[in-house]
There are 2 protein chains.
Amino acid sequence: MDTPSANGILHSGELEIHLGEGLVLAGGRALTLSVREFQLLAALVRRSGGIVSRKELYRAVWGSELRAGDRSVDVYVSKLRGKLEAAMPDRRFIHTHPGFGYRFQGQPSRDFHTEAVGG
Amino acid sequence: MDTPSANGILHSGELEIHLGEGLVLAGGRALTLSVREFQLLAALVRRSGGIVSRKELYRAVWGSELRAGDRSVDVYVSKLRGKLEAAMPDRRFIHTHPGFGYRFQGQPSRDFHTEAVGG
DNA sequence: ACGTCTTGATCACGACTTGTTAACGCGAAC
DNA sequence: GTTCGCGTTAACAAGTCGTGATCAAGACGT
């Protein structure tokens, strides 16, 4: 599911992230992301399947230490979700793990109690 | 069945506990546990197969002494059972030993006089 | 059988965390 | 100068957590 590929392209499910160019293709369509949005997505996808804490995400994207009360990560996760969802409705890529952080999942998982995957 | 710390990942049967991230995979799927639920599970799995008393569990998870009448451990065992059972029905991981405490068992055991797992 | 203590399960409520949107200032492009 | 998008902070909404209370069910000795 997750190809860390040599050439600088991350694949995860139907997402294709061209690291060098800042380009993201979702199911073939190009997304328009700001620099921060892009970096945040890249940071999450690099650790696809794992939970990444806000501290780590902040370090990875902003390059400094997360200060108490700073909600930037949450705001950008929200924006990112909006754009991903616009491109691919009925897919949820970024999952919240309260108290721990966020987790990116490229493949939909045969989820045990929800997942109304239409037809 | 039980691999103590390869790199911060506990395996027990079909459970995979990533200690650093707070991530639990049950049969490949990610569970969403609260911090306490996660720590409780980790404390039980660390002593997989052995009985862990409420006192010990409380110390391990809450970091202080269990006070008389405090039912927190029981409540969280119940929550944990619920989530584990949702992920893997017809498996029972956490066993009660009345008067002693709780015991985690990763593998289903073909036990000689108990375990009527009605099929 | 009975009574008693332990454990299972659920609820309500306050505290806290996370989601989301809007306002503001800034700098770039025109 | 005006317009535009971006990034930050603030504000409010929505959701989650953890605790103690409560009642049902189970274990255990007599």
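In what order do the three strands of the open sheet in chain A stand, and is the pairing parallel or antiparallel? The order is E6-E8-E7 (chain A), and the pairing is antiparallel. Keep in mind that this is a predicted model.

**The three-stranded sheets**

Strand E6 (51-52) and strand E7 (94-97) of chain A sit at the edges with a single partner strand each, so one side of each has no neighbour in the sheet. E7(A) is joined to strand E8 (residues 101-104) of chain A by four bridges, and the two run antiparallel. If you want a pair to look for there, take His95(A), whose bridge partner in E8(A) is Arg103(A).

Now for chain B. Here three strands form an open, antiparallel sheet in the order E6-E8-E7 (chain B). The edge strands are E6 (51-52) and E7 (94-97) of chain B, and each of them pairs on one side only. Between E7(B) and strand E8 (residues 101-104) of chain B there are four bridges, with the strands running antiparallel. His97(B) is found opposite Gly101(B) in E8(B). A helix goes over this sheet: H1(B) lies across E6, E7 and E8 of chain B, at about 75° to E8(B).

| Hairpin | Residues between the strands | Glycine with positive phi |
|---|---|---|
| E3(A) and E4(A) | four residues | Gly22(A), near 75° |
| E4(A) and E5(A) | two residues | Gly27(A), near 55° |

Which side chains of E4(A) are buried? In a regular strand, side chains alternate between the two faces of the sheet. Along E4 (residues 23-26) of chain A, Val24(A) and Ala26(A) point to one face and are buried.

**The nonpolar core**

The largest nonpolar core has 51 residues, and the ones with the most contacts inside it are Leu41(A), Val24(B) and Leu41(B). Helix H3 (residues 72-87) of chain B gives the most to this core, namely six residues. What does Leu41(B) touch, leaving out residues up to four places away in sequence? The list is Ile17(B), Val24(B), Leu33(B) and Leu80(B).

**Around the DNA**

DNA strand C is surrounded by 18 residues, the closest being Ser78(A), Thr96(A), Ser78(B), Thr96(B) and Pro98(B). H3 (72-87) of chain A and H3 of chain B each supply at least two residues of the surface near DNA strand C. By class, that surface splits into six nonpolar, six polar and six charged residues.

For DNA strand D there are 19 residues around it, and Ser34(A), Val35(A), Arg36(A), Ser34(B) and Arg36(B) come nearest. H1 (35-46) and H3 of chain A, along with H1 (35-46) and H3 of chain B, each supply at least two residues of this surface. The surface near DNA strand D has seven nonpolar, four polar and eight charged residues.

Methods
Residues are numbered from 1 along each chain as its sequence is written. Chains are lettered from A and ligands numbered from 1 in the order in which they are written. This is a predicted model: local features need pLDDT of at least 70, side-chain atom pairs count only at pLDDT 80 or more; totals for chains, interfaces and linings use all residues. A residue is buried if 20 or more other C-beta atoms lie within 10 Å of its own, exposed if 12 or fewer, and partly exposed in between; C-beta atoms are placed from the backbone. Two strands pair if DSSP finds at least two bridges between them. A nonpolar core is a set of buried Ala, Val, Leu, Ile, Met, Phe, Trp, Tyr and Cys residues joined through C-beta atoms within 7 Å. Two residues are in contact if their C-beta atoms, placed from the backbone, lie within 7 Å. A residue is near a molecule or strand if its C-beta atom, placed from the backbone, lies within 6 Å of it. Ala, Val, Leu, Ile, Met, Phe, Trp, Tyr, Cys and Pro count as nonpolar, Asp, Glu, Lys and Arg as charged, and the others, Gly among them, as polar. Axes are lines fitted to C-alpha atoms, for helices over the stretch in contact, and angles run from 0 to 180 degrees between N-to-C directions.
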